Amino acid sequence: MRLTLLNVIVAVVLAIAFAALNAAYLVWAERRGAARIQRRPGPNINGPFGLLQPPLDGIKLMAKQLTIPGGADKIMFITAPVLAMFPAIMSFVTIPFSDTIVAKNMSVGVLMIFAFASMGSMSLLFAGWSSRNKYSMMSSVRAVSQAVAYEIPMLITTITVVMIAGSTDLMEIVHQQSRSILHWNIFPLLGNSHNLLMPFSFLIFFICTLAETNRAPFDLGEAESELVAGFHTEYGSMGFGLFFMGEYANIVIGSCMTTILFLGGWSCPFGLFPGVWWFILKLYLLIATFIWIRWTFPRTTIYGLLNLSWKILIPLSLFNLLFTAGLIKVF
Amino acid sequence: MNSPILLQPDETFILNVGPQHPATHGVLRVKMEMNGEYIVNAETVIGYIHRMHEKMGELKTYPQFLMNLSRMDYLGALGYSHGHVLLVEKASGIVVPERAEYIRAIMVELNRIASHLFWFGAFVMDLGGFSPLMYALQDREHILDMLEAVTGSRLTYCYFRFGGLYNDVDDDFITAARQFIPRMRKSMKKYHKLVTGNIIFRKRLEGIAPLSKEMCRKYGASSAVARGSGINFDVRKNEPYSVYPEFDFDVPVYHECDSLARYMVRMDEIEQSLRIVEQGLDKLPGGPIMPDKKPKLIKPPVGDYYQAVETARGSFGIRLVSDGGKNPYRLKLRSPTYSNMHLFDEACRGMMIMDALAFMGSLDLVIPEIDR
Amino acid sequence: MVAYFTEIFTGLMSLFIGMGITFKEFFKPTVTVSYPYETLTMSARYRGHIELVENEEGNSQCVVCGLCEKACPSDCITLAGEKPEGGKKKVLTKYMLDFTKCSLCGSCVESCSFGAITFSKEYNLASTKKEDFYFDLLKRLEERNT
């Protein structure tokens, strides 16, 4: 019992470290990647390849004063950035990086991650509401309607995968895909499902991840050309820093989930040396796609976004769910 | 202490967009009465960078006022200078050598392309796409390099003189311009693939902010705003000036009236400007760039003169009332964006704020040019 | 129904085309100049602030006619001169340029029929003090000579 408790504490510390490190260096990667796409060098002054930029930015943010605007709801204003970071870190606890590297595997791992993910929109609501700024307010209203709209297709798609695996245990889901590359959930024919629509459900899940993490082209919450900076307009110093880290931590979580549910987790595409490095490789390829998408597309409108969810993604994912259920019954 | 923000269902709130706001690209302030995300009423407040250009025109002599014109619109400066020099030449009867006129036309068209490129980038950035801005700026840089090599400055040129030009173009410029044309055409293909075809982009512009012909006429809109609403009006064609009748080019007109139509007009105009530059380089005659006989002191005879030119932002009119003195009695500058912008108040009612700001981007506002 | 699926399909394709373009751009070389570390040479006609031209003896060619002072739209130029004893021509004793007001129009350079002023190539002129932009051009000329 005591060993388990120790395990959890170590795991949480490692999760925080992993999340913070990822958040810091994903900012760097994003800036470098964006710069390459736009044919600029990007941050390259501080340290080799600008690698010292994230810690220096962190120090700068921490050294700044946290100003609370007059008329703001103080408690909510301070709670919001913490709430942005906390669920993301907690979600890391249950994510299996390999057979052995997992802090606490739970039989309801999928559920737990979704429970924490839905808390993320709460922090946006808190931040927008408490800032007492009209732009922030509008942003938080948008963020919540967006979160509601995109959690539904995301969950329905996840249910499809869970039905195929017959388990909500993330370990189990990966184990079932680890026989060969063709057994990954994304591939339709030989896999566990024989479901032709699986690539589409991968696409739906990926789009929903983009929307859930408030990433471009769905970054309506912080649409800088309309809402200045959205919900974090009034935040400076580490409050802003935490929002930023929370955003990147959420991206990591979303990519982890995509890897686990559709890309076979830590299993190797060629059946050789399965292990954590495969997981990391797939994870960062997905994150690179996130960055790539952000610097290619313009932003959608709020009604375009809701239309996409309610008129396209939800019907398609529901159809996919029924189709998969039928297939499971037949085979 | 906090008092909760209480809003009745039909209650509206005032949103101050600007004077410092990322979407207004300058110091324009829009007071919006909002019902949630919907605009009930909008009022544009201008004058934050009013610099009294018209008054300066009255106080300065004609040559001294030359450089003010390029400060009006910092993106398409040469077009405005062109209007001024044409007007004063007309008023005081100075004959411009043909070579100078051709070079002026080439320069103005290059400047127009540069201006449209910047607008394209900034517009897509308003919609949330950042990379097209960088690509557009790369192409614009080639133009600015060319213009700098000839005129000596990159943005606020003072190149045209009454009767001709400050200095002649060299062979380097001609080769650079010839190389630039195919490169720009290639880039245009890239922009159409990357931006115009993009479904997100189209969804944001198609059918948004329809401006009827009547409304464009009512507010005196010109440039792509009018041409996107089906009004075939281009000063270069309708009231020809300079050497434009010599060139073979089309005026792109779209009848959809929406933001996408305005976007398409400007993108097509880049191609038409390229055609003019191409023809101008082919036809460029030799000879002097300044007339042999030029009055030492410019004193137009008593009278009322008007000259309109098609700048990158629309029909720019300049009216001069001369009392025969060495500085004008009155110099009226009709800035095209001023008319285009005032459409916004009426057109954006009932729109969502995202669409309204996308619409504002499609009007191509340059604030110093509105305030003058 | 067909239109619905065609739109989804064409929409997706347009997104992939866009991503293809940015992917290609990713591997192209950078085009920017990292300014403080590398600098570009200014073009021959670049217009910096004005500078006095020296003759063979290292003196200014200015004859103190004052045309540049009159041509300037913004009253940037103040100059003074005196006739040395026994000399015929006026000699420049003071040439001040108030660069805070200058808009680089070039009227002064054009108005000068003696070729006494020219544009410099200087562009690194940032400062926090207004006084740094009141240039004593005669002093600059002497400094250049020494």
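Biologist: Is S273(B) buried or exposed, and how many other C-beta atoms lie within 10 Å?

Modeller: The model is predicted. S273(B) has 23 other C-beta atoms within 10 Å; a residue counts as buried at 20 or more, so S273(B) is buried. The residue sits in helix α11 of chain B, which covers residues 259–283. Residues up to four places away in sequence aside, S273(B) touches E109(B), R112(B) and I113(B).

The nonpolar core comes next. The largest one has 206 residues, and the members that touch the most others are A249(A) and L110(B). Helix α4 of chain B, residues 98–126, gives this core its largest share, 18 residues. In general, nonpolar side chains tend to be buried together in soluble globular proteins. With its neighbours within four places in sequence left out, A249(A) is in contact with A19(A), N22(A), A23(A), M85(A), A88(A) and I89(A). There is also a second, separate core, made of 18 residues, including C62(C), I77(C), L92(C) and C112(C).

Elsewhere in chain B there is a hairpin. Strand β2 (residues 29–35) and strand β3 (residues 38–45) of chain B run antiparallel and are joined by seven bridges. One of the pairs is V30(B) with T44(B), the latter in β3(B). Two residues lie between the strands of this hairpin, and G36(B) has a positive phi near 65°.

Chain B also has contacts with its neighbours. Towards chain C, 21 residues of chain B are in contact with 19 residues of chain C. On the chain B side, α2 (62–72), α5 (131–151) and α6 (171–196) each give two or more residues, and α5(B) gives the most, with five. By type, the chain B side consists of nine nonpolar, eight polar and four charged residues. Between chains A and B, the contact involves 23 residues from chain A and 26 from chain B. Helices α5 (134–165) and α10 (302–330) of chain A each supply at least two residues to the chain A side, which divides into 10 nonpolar, seven polar and six charged residues.

Chain C has an open sheet of three strands in the order β2-β3-β5, with antiparallel pairing. From one strand to the next, the twist averages 15°. Strand β3 of chain C, residues 91–98, is joined to β5(C) by three bridges, and M96(C) stands opposite D136(C) in β5(C). Helix α4 of chain C, residues 137–145, packs on the sheet and touches β3 and β5 of chain C, its direction making about 50° with that of β5(C).

Notes
Residues numbered from 1 in each chain as written. Chains lettered and ligands numbered in written order. Predicted model: local features only at pLDDT ≥ 70, side-chain atom pairs only at ≥ 80, totals over all residues. Contact = placed C-beta atoms within 7 Å. Helix = DSSP H or I, 4+ residues; strand = E, 2+ residues; numbered from the N terminus. Nonpolar A, V, L, I, M, F, W, Y, C, P; charged D, E, K, R; others polar. Pairing = 2+ DSSP bridges. Axes fitted to C-alpha atoms, helices over the stretch in contact; angles between N-to-C directions. Core = buried A, V, L, I, M, F, W, Y, C linked by C-beta atoms within 7 Å. Buried ≥ 20, exposed ≤ 12 C-beta atoms within 10 Å, placed from the backbone.
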